[in-house]
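Subject: Handing over a structure, with notes

Dear colleague,

I am passing on the structure that you will find just below, and I would be glad if you kept it open while reading the notes that follow.

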Amino acid sequence: YMPVTRDFSAGKKRMLLEWLDNPLRGERPLLDVAGVCAALQTAIQVEHATIPMYLYALFSIKPGANLEVAHAVRTVAVQEMLHVTLAANVLNAIDADPEVCPPPDLLRTDFIPVYPNRLPGGLRP
């Protein structure tokens with residue numbers, strides 16, 4: 001059960017209001033195809049960064065235990081994978097190349113997540 005509204009502390013409320021005033025700090029606005037491509041690539045990176053955490057949580061549950069929780073976490077992990085696919089498909093549809101796998105000779109630390117860290121694109125929890 002999720003209530004319709006939540007009570008926020010003064011600090012969380014201030015942070016949320018500041019983010020709403022400028023949610024994409026330093027990012028390209030969605031005014032042209034390049035801006036849309038950049039936003040979609042960031043979406044791919046965000047989803048890709050969250051998948052390992054859900055899988056880690058899933059595989060930390062003992063087999064046969066907490067079946068409902070395991071199912072819920074697995075469902076979310078699969079949804080994150082579908083989100084990566086959807087964003088990549090939209091990039092393909094507008095003749096852009098989604099960056100999902102760096103060449104073997106290139107270590108891409110901007111795509112491979114390192115934990116703990118902030119989410120890509122300056123997103124905040």
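Against which element do the buried residues of H3 pack? They pack against H2, and the notes below build up the picture around that pairing.

First, a word on how to read the values. This is a predicted model, in which local features need pLDDT of at least 70 and side-chain atom pairs count only at pLDDT 80 or more, while totals for chains, interfaces and linings use all residues. Residues are numbered from 1 along each chain as its sequence is written, and side-chain values use heavy atoms, with hydrogens and water left out.

The protein has three helices and zero strands, where helices (H or I, at least four residues) and strands (E, at least two) are DSSP runs numbered from the N terminus. Read from the N terminus, the order of elements is α-α-α. Of the 125 residues, 22% are buried; buried means under 20% relative accessible area, exposed means over 50%, and partly exposed lies in between, with a 1.4 Å probe and protein chains only. The accessible surface is about 9700 Å², and 62% of that surface belongs to carbon and sulfur atoms (areas come from the Shrake-Rupley method with a 1.4 Å probe, and for residues only the protein chains shown count as cover). Among the contacts with a separation of 6 or more, 68% are between residues 24 or more positions apart, a contact being heavy atoms within 4.5 Å.

Helix H3 covers residues 67–93, and its 27 residues reach 38 Å from first C-alpha to last, close to the 39 Å expected at 1.5 Å a residue; the expected span is 1.5 Å times one less than the number of residues. Its buried residues are Ala70, Val73, Ala77, Glu80, Val84, Ala87, Ala88 and Leu91.

On the side of H2, Glu47 deserves a careful look, since this residue of helix H2 is buried yet has no salt bridge, and the nearest side chain of opposite charge, Arg74, is 15 Å away. A salt bridge here is a side-chain nitrogen of Lys or Arg within 4 Å of a carboxyl oxygen of Asp or Glu, and for charge, Lys and Arg count as positive and Asp and Glu as negative, with His and the chain ends not counted. Apart from neighbours within four places in sequence, Glu47 is in contact with Glu80, His83 and Val84.

Pro120, in the segment after H3, lies 72 residues from His48 in sequence and 9.6 Å from it in space, C-alpha to C-alpha. Setting aside neighbours within four places, Pro120 is in contact with Thr42, Gln45, Val46 and Ala49.

Asn66 lies in the loop between H2 and H3 and counts as exposed because its relative accessibility is 54%, whereas Asp95 is in the segment after H3 and counts as exposed because its relative accessibility is 74%.

Finally, Leu30, Val33, Val36 and Ile94 form a nonpolar patch on the surface, with about 330 Å² of accessible area together. Patches are made of residues with over 30% relative accessible area and no salt bridge, joining like charges within 9 Å and nonpolar side chains (Val, Leu, Ile, Met, Phe, Trp, Tyr) within 5 Å. Val33 lies in helix H2, residues 33–59, and counts as exposed because its relative accessibility is 54%.
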